[in-house]
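Please look over the notes below with the model open. They cover charge pairs, disulfides and surface patches.

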Amino acid sequence: MVEKERSLGKMEKGRGERLILFATQALCGFILLHFMYVQFLAYKVTPSKQIKFTGRQILSESKADHLINVVSNDDQHQSLQYLLSRLLEGEDRTKFDSTGFACDKGSWSLVCVADKPVKIDMSTMRVHLQPSDLRFTPAGENTTTVVRPYAMQGNPYVINDITPVTITSSEPEPPTCDHNHQHPAVIFSSGGYTGNIFHEFNENIIPLFITSRLFRSKVHFIVVDYKPSFIQKYRRVFSRLSDHEIIDPAVDSSVHCFPGAVTGLKFHKFLGVNTSDNPQGYYSMPDFREFIRQTFRLKTRSVFETQNPPVLLLISRQTTRKFLNQAEMVKMMEELGFRVIIASSAKEMSNVEKFSRVINSCSVMVGAHGAGLANEIFLPDGGVMVQVRPLGFQWDVDSFYSEPGPEMGLKYLEYRIEPEESSLADVYGLDHPVLRDTASVAAKGGYEAAREMYLDKQDLRIDLDRFRETLVEALRIVGRRIDVSNA
């Protein structure tokens with residue numbers, strides 16, 4: 001028994017000695033690590049000292065955390081270069097990768113992209129590229145490009161009134177920076193046809209979404225031909241696409257410097273987005289519609305979430321292409337089971353934040369061909385847009401509305417008037433070429449003559465029996481709530 005107790009005592013003593021030894025080793029290791037850490041923080045690298053870090057040669061000013069910041073910033077630049085390159089393709093992207101600057105010229109738009117620091121003189125709207133930053137550019141070769149930053153480059157009625165922006169590397173000593181920015185610039189014009197909702201979305205808002213959305217709001221907007229009413233109207237759009245205040249060159253004559261710049265906006269097609277042409281196929285028209293829903297806080301996503309009875313919005317024009325028998329039309333719509341909202345006030349429709357919510361509550365929108373039909377963007381998914389097509393103008397009617405609607409997730413219906421439903425029949429008679437051969441007007445007098453005749457001088461007196469069939473079809477599409485068997 002005594003021997004057993006002695007044996008246990010020796011075991012406990014050995015275990016205690018081992019614990020003390022382990023604790024001593026751990027304490028020594030901790031002291032050594034602390035000493036190395038203090039020495040490391042105290043070590044300073046002279047300005048000429050270079051440290052190799054993850055394969056890059058980086059000048060260090062003091063501590064290791066500064067090295068991490070430098071590498072992080074460099075990675076951010078690499079990411080910016082990648083994002084900017086997404087705005088180009090084919091040979092343009094190849095040129096961009098080798099020189100740091102290239103322009104994409106599509107059938108409509110012209111967009112120039114620089115991925116190196118630029119200095120923008122707001123007083124002259126000159127974008128200065130440093131020649132040394134153009135990689136592999138032959139000595140003595142200069143770059144000078146003039147861009148009128150509007151999406152519809154091929155529109156002669158607009159483009160000459162857009163303020164030009166000159167991109168140049170020809171000046172050896174660019175101006176000194178008054179303001180330095182961490183994010184790239186996007187330069188565009190708010191001129192042209194702003195004030196017309198179709199053109200605002202077609203040539204400004206959708207192209208701006210396509211061009212700038214990939215930067216995730218880390219971008220500065222420089223707006224030439226600055227229109228306060230337009231900027232205020234779409235202030236929610238601009239604030240979601242950019243975290244920064246818009247720069248207006250008309251009131252800011254200083255020099256702003258950016259890590260890169262995009263001059264001009266990409267245009268794909270009328271009221272639409274080509275996923276295949278978009279950077280990496282990131283965005284589609286449904287993506288844009290979701291962006292708009294969130295921006296204007298639209299609650300209704302699907303037409304099957306709308307009210308019952310379904311609400312029909314009638315776009316009532318007050319100048320040209322008026323519905324001469326509008327009261328009878330509204331009565332027939334109500335007899336079919338619609339609750340009708342008439343939009344006739346230009347002031348009401350110009351408040352896009354309020355009016356978008358009205359449209360978003362509707363199942364069906366009806367209107368004669370015109371800019372007001374662009375409000376279909378705010379309809380819920382599965383909603384119906386009914387276009388009443390006047391005489392004349394086949395191409396733009398198809399391109400502007402019948403093609404974009406389905407890509408927005410909407411159903412497009414069309415009602416084509418007959419010659420006897422046009423007010424032109426009262427002036428020229430049913431047998432006149434103006435009514436029977438509309439193409440002859442354009443062939444003889446060109447676009448302006450056709451526009452004056454069919455858009456500016458024509459009103460509509462709708463055949464209620466024929467139009468009723470179109471509205472019954474609209475009910476069937478959005479219905480499942482109203483019995484239209486007797487309609």
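**Notes on the model**

1. Asp 243 counts as partly exposed because its relative accessibility is 46%. Here buried means under 20% relative accessible area, exposed over 50%, and partly exposed in between (1.4 Å probe, protein chains only). This is a predicted model: local features need pLDDT of at least 70, side-chain atom pairs count only at pLDDT 80 or more, and totals for chains, interfaces and linings use all residues. Residues are numbered from 1 along each chain as its sequence is written, and side-chain values use heavy atoms, with hydrogens and water left out.

2. Which residue does Asp 243 meet in a salt bridge? The partner is Lys 218, at 3.0 Å from N to O. A salt bridge is a side-chain nitrogen of Lys or Arg within 4 Å of a carboxyl oxygen of Asp or Glu. The pair links distant parts of the chain, 25 residues apart. Asp 243 sits in the loop between α6 (235-241) and β12, and Lys 218 in the loop between α4 (197-212) and β11 (220-224). Helices (H or I, at least four residues) and strands (E, at least two) are DSSP runs, numbered from the N terminus. Lys 218 is partly exposed, at 40% relative accessibility.

3. The whole structure has 17 salt bridges. One of them joins Lys 322 and Asp 459 (3.1 Å, N to O). These two are 137 residues apart: Lys 322 is in the loop between β14 and α8 (326-336), Asp 459 in the loop between α15 and α16 (464-478). Asp 459 has a relative accessible area of 13%, so Asp 459 is buried. Lys 322 is partly exposed at 25%.

4. Arg 461 also lies in the loop between α15 and α16. The side chain of Arg 461 meets that of Asp 426 in a salt bridge of 3.9 Å, N to O. Asp 426 belongs to helix α13 (residues 424-428), 35 residues apart from Arg 461. Arg 461 is partly exposed at 38%, whereas Asp 426 is exposed at 59%. Separately, salt bridges with shared partners join Arg 289, Glu 290, Arg 293, Arg 301 and Asp 381 into one network.

5. How many disulfides does the structure hold? There are 2. A disulfide is a pair of cysteine sulfur atoms within 2.5 Å. Cys 103 pairs with Cys 112, sulfur to sulfur 2.0 Å. The S-S torsion of Cys 103 and Cys 112 is about 105°, so this disulfide is right-handed. Cys 112 is buried at 1%.

6. The other disulfide runs from Cys 177 to Cys 257, S to S 1.8 Å. The link is left-handed, with -95° about the S-S bond. Cys 177 lies in the loop between β8 (165-168) and β9 (179-180), and Cys 257 in strand β12 (residues 255-258), 80 residues apart. Cys 177 is partly exposed at 24%; Cys 257 is buried at 7%.

7. Tyr 157, Tyr 193 and Tyr 447 make a nonpolar surface patch of about 320 Å². Patches are made of residues with over 30% relative accessible area and no salt bridge: like charges are joined within 9 Å, nonpolar side chains (Val, Leu, Ile, Met, Phe, Trp, Tyr) within 5 Å. Tyr 447 is in helix α15 (residues 438-456) and is partly exposed at 43%.

8. Arg 297, Lys 299, Lys 354 and Arg 357 form a positive surface patch. Lys 299 is in the loop between α7 (285-295) and β14 (311-315). Lys 299 counts as exposed, at 80% relative accessibility.

How values were computed:
Accessible areas come from the Shrake-Rupley method with a 1.4 Å probe; for residues, only the protein chains shown count as cover. Lys and Arg count as positive and Asp and Glu as negative; His and the chain ends are not counted. The place of a charge is taken as NZ of Lys, CZ of Arg, CG of Asp or CD of Glu.
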